[in-house]
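Hello,

Here is the structure we spoke about. Please have a look, then read my notes below.

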Amino acid sequence: MELMGGGKFSRCFVVVVVVGVLFLVGSVSGIGVNWGTQSTHPLSPSKVVKMLKDNGIQKVKLFDADAGILDALKKSGIQVMVGIPNDMLYTLANSVEAAEKWVSKNISKHVSSGGVDIRYVAVGNEPFLSTYNGSFEATTLPALQNIQAALTRSGLSNRVKVTVPLNADVYQSSSEKPSDGGFRPDINNVMLQIVKFLNDNGAPFTVNIYPFISLYADPNFPVDYAFFNGYQPTINDNGRAYDNVFDANHDTLVWALQKNGFGNLPIIVGEIGWPTDGDRNANLQYAQRFNQGFMSRYMSGKGTPMRPGPIDAYLFSLIDEDAKSIQPGNFERHWGMFYFDGQPKYQLNLGSARGNGLVGASGVDHLAKKWCVLKPSANLNDDQLAPSVAYACQNADCTSLGYGTSCGNLDVHGNISYAFNSYYQINDQMDSACKFPGLSMITDKDPSVGDCKFRIMIQTDSAEPHGKVGYLTTVLCFFVLLLFCNLWF
């Protein structure tokens, strides 16, 4: 997720190299999506698979090997990239036996008898992210090698390819020009080893590109350069014109590969998208503009200046995840094209025969139409108020509150009510989850205001309380308190 990273697929124009690999792996041309599951109330796998099919999505990227999800994908016609979390890399790097057991349980079982069309194993997830401080540098390549060996031993290596989804911060440019690109100096050696290994095994380079992060990280970044509307003036790189950061980002990677003798290595864009809340630049309008701009580019087969031709890509992401870490930013819980209940956020043409609209999940039941809000008679000077709000937000999701967000225009009462309701809904509307002493009440009047929606939670098969309901934790860290006091008062 950085300014000059990149990723995307090579062109069928280079028939021998690229199409040969495409046929070997059997990729389809339709857009893929990332299916994350860090939600307090996830939709059932069967409902999500139906969503994928209803929207003409032909490829899905998973972050682990959840048996329930893989079972739901049986005979669906959807191609699958199965993920291995970073916390498994050490074990897999140090034991061929562990890698063989993992492949047997999570790949062979589902491919041979389960009818799951697994095409890739993603070893790790952005393991060289600079914020990890090198934690996975020593284990990623050995894990990759052992998984490849296990696939070979199982007889699946021609059908299932390994890859490593990498953040775009693994490469950089010394200028604004892609041709000055190269791998990050501190990981250059291991990157070259990984790239050679991928090349030797007919496997693709997978990269996650986030123009939104460029905008988020740099207040002076030109907004229009993040989109696909032809930013001017273009960046001229030896006759190649760049009018958007995706192309520049992607081609910086192409140059890094080319300079090291791997100019024809296939590239997959493992993640690309735009969040809809949690930051002043994360909203429905920008997300629709970006994703539709990318999809138009994707469907045209135009490619980038250095790699003309079709792109292999997975949109990030399918559904919002309200339990994701917000350490990178509050926007992390809002990447979905669909809300947590599977309803579409905006119109988007994914290139299927189903038209320009996204098709929402069917058969999703919500809880009763009731909300937990601040009592009109509550005293805003009550000593319990700030700890109550902090507690609710710490154990629920208040990322739609704050400057420039969908609920950024709420008054003090609205902010407090939003926090209380979020906690109440995440705890399945239990009466005890709306017992903030002398402060809260349950209402059947929808407190939503304009674009700020007070959501009602969905019913799930495994709904259970999320956080201890009660009031033993009034004693909260006061630094959290001060942050929220800043927001609400």
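**The second largest pocket**

Helix 12 gives the largest share of the lining of the second largest pocket, 5 residues. Bear in mind that this is a predicted model. The elements that give two or more residues to this lining are helix 10 (284-300) and helix 12. In total, 34 residues line the second largest pocket. Nearest its centre lie Asp 277, Ser 400, Ser 406, Tyr 418 and Arg 455. The lining divides into 13 nonpolar, 12 polar and 9 charged residues. The volume of the second largest pocket is about 740 Å³.

**Helix 12 and helix 11**

Helix 12 (residues 412-426) also packs with helix 11 (residues 385-394): their axes come within 8 Å. The two axes cross at roughly 45 degrees. That makes helix 11 oblique to helix 12. The crossing is left-handed. Which residues of helix 12 make the contact? They are Ile 416, Ala 419, Phe 420 and Tyr 423. Helix 11 brings Leu 385, Ser 388, Val 389, Tyr 391, Ala 392 and Cys 393. By class, this contact has 9 nonpolar residues, 1 polar and no charged ones.

**Helix 5 and helix 6**

Here is another helix pair. The axes of helix 5 (residues 96-112) and helix 6 (residues 140-153) come within 8 Å and cross at roughly 60 degrees. Helix 5 and helix 6 are therefore oblique to each other. Their crossing is right-handed. On helix 5, the contact residues are Val 96, Ala 99, Glu 100, Trp 102, Val 103 and Ile 107. On helix 6, they are Asn 146, Ile 147, Ala 150, Leu 151 and Arg 153. This contact divides into 8 nonpolar, 1 polar and 2 charged residues.

**Backbone points to check**

Most residues other than glycine have a negative phi, and most peptide bonds are trans.

- Gln 232 and Pro 233 are joined by a cis peptide bond, with omega about 0 degrees. Pro 233 sits in the loop between helix 8 (211-217) and strand 10 (235-237).
- Phe 316 and Ser 317 are joined by a cis peptide bond, with omega about 0 degrees. Ser 317 is in the loop between strand 13 (312-315) and strand 14 (371-374).
- Lys 75 is not a glycine, yet its phi is positive, about 50 degrees. Lys 75 lies in the loop between helix 3 (67-72) and strand 3 (79-84).

Best wishes

How values were computed
Residues are numbered from 1 along each chain as its sequence is written. This is a predicted model: local features need pLDDT of at least 70, side-chain atom pairs count only at pLDDT 80 or more; totals for chains, interfaces and linings use all residues. Side-chain values use heavy atoms; hydrogens and water are left out. Axes are lines fitted to C-alpha atoms, for helices over the stretch in contact, and angles run from 0 to 180 degrees between N-to-C directions. Helices (H or I, at least four residues) and strands (E, at least two) are DSSP runs, numbered from the N terminus. Angles under 35 degrees count as roughly parallel, over 145 as roughly antiparallel, 65 to 115 as roughly perpendicular and the rest as oblique. A crossing is left-handed if the near helix is turned anticlockwise from the far one by less than a right angle, and right-handed if clockwise. Contact means heavy atoms within 4.5 Å. Ala, Val, Leu, Ile, Met, Phe, Trp, Tyr, Cys and Pro count as nonpolar, Asp, Glu, Lys and Arg as charged, and the others, Gly among them, as polar. On a 1 Å grid over the protein atoms alone, a cavity is a set of points where a 1.4 Å probe fits but cannot get out, and a pocket is an open set with protein on both sides within 12 Å along at least five of seven lines; lining residues have an atom within 4 Å of a point. Grid points are joined across faces, edges and corners, and a volume is the space filled by probe spheres set on the points.
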